Amino acid sequence: MIEVVLNDRLGKKVRVKCNDDDTIGDLKKLVAAQTGTRAEKIRIQKWYNIYKDHITLRDYEIHDGMGLELYYN
């Protein structure tokens, strides 16, 4: 189990517990459940890298306590 921190830069930080073999799409669903926003409206990125839904967190080397950027489309 890892914990990922997502910051939307509007004052909201979301902490999500997930497995490192979950996909980015799974992470979006967990974030959507906490924020009340639909999962297809969420974009997760780090700097200029927009993460794709079908790739796992382990493949992107996302570790415990890592911070990501959360945007709403």
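Student: How many salt bridges does a search of the whole structure find?
Tutor: This is a predicted model; local features need pLDDT of at least 70, side-chain atom pairs count only at pLDDT 80 or more, and totals for chains, interfaces and linings use all residues. Residues are numbered from 1 along each chain as its sequence is written, and side-chain values use heavy atoms, with hydrogens and water left out. A salt bridge is a side-chain nitrogen of Lys or Arg within 4 Å of a carboxyl oxygen of Asp or Glu. Searching the whole structure on that basis gives a count of six.

Student: Which residue meets the side chain of Arg-9 in a salt bridge?
Tutor: The N to O distance in this pair is 3.1 Å. The pair links distant parts of the chain, 60 residues apart: Arg-9 sits in the loop between β1 and β2, its partner in strand β5. (Strands are DSSP runs of E, at least two residues; helices are runs of H or I, at least four; both are numbered from the N terminus.) The partner is Glu-69.

Student: Is Glu-69 buried or exposed?
Tutor: Buried means under 20% relative accessible area, exposed over 50%, and partly exposed in between (1.4 Å probe, protein chains only). Arg-9 has 57%, so Arg-9 is exposed. Glu-69 has 11%, so Glu-69 is buried.

Student: Which parts does the salt bridge between Asp-53 and Lys-28 tie together?
Tutor: The two side chains meet at 2.7 Å, N to O. The residues are 25 apart in sequence, so the pair ties together the loop between β4 and β5, where Asp-53 lies, and, on the Lys-28 side, helix α1.

Student: What is the relative accessible area of Lys-28?
Tutor: Asp-53 counts as partly exposed, at 39% relative accessibility. Lys-28 is buried, and its value is 10%.

Student: How is Glu-40 classed, buried or exposed?
Tutor: Glu-40 meets Arg-38 in a salt bridge, 2.9 Å from N to O. Arg-38 is exposed at 52%. With a relative accessible area of 57%, Glu-40 is exposed.

Student: What is the nearest side chain of opposite charge to Asp-8?
Tutor: Asp-8 is in the loop between β1 (2-7) and β2 (13-18). Lys and Arg count as positive and Asp and Glu as negative; His and the chain ends are not counted. Asp-8 is buried yet has no salt bridge. At 5.1 Å, the nearest opposite charge is Lys-12.

Student: Which backbone nitrogens lie 3.0 Å from a polar atom of the Asp-8 side chain?
Tutor: A polar contact is a pair of N or O atoms within 3.5 Å; within protein, one must be able to donate a hydrogen and the other to accept it, and residues adjacent in sequence count only if both atoms are side-chain atoms. One such nitrogen belongs to Leu-10. Another, also at 3.0 Å, belongs to Lys-12.

Student: Leaving aside neighbours within four places in sequence, what is Asp-8 in contact with?
Tutor: Contact means heavy atoms within 4.5 Å. With those neighbours set aside, Asp-8 touches Leu-70 and Tyr-72.

Student: Where does Glu-61 lie?
Tutor: Most residues other than glycine have a negative phi. Glu-61 has a positive phi of about 60 degrees although it is not a glycine. Glu-61 is exposed, with a relative accessible area of 54%. Its place is in the loop between β4 (49-50) and β5 (67-72).

Student: What is the phi of Arg-9?
Tutor: Arg-9 is not a glycine, yet its phi is positive. The value is about 65 degrees.

Student: What separates the C-alpha atoms of Gln-34 and Arg-15?
Tutor: Gln-34 is in helix α1 (residues 24-35). Beyond four places in sequence, Gln-34 is in contact with Val-14, Arg-15 and Val-16. Gln-34 and Arg-15 are 19 residues apart along the chain, and their C-alpha separation is 9.0 Å.
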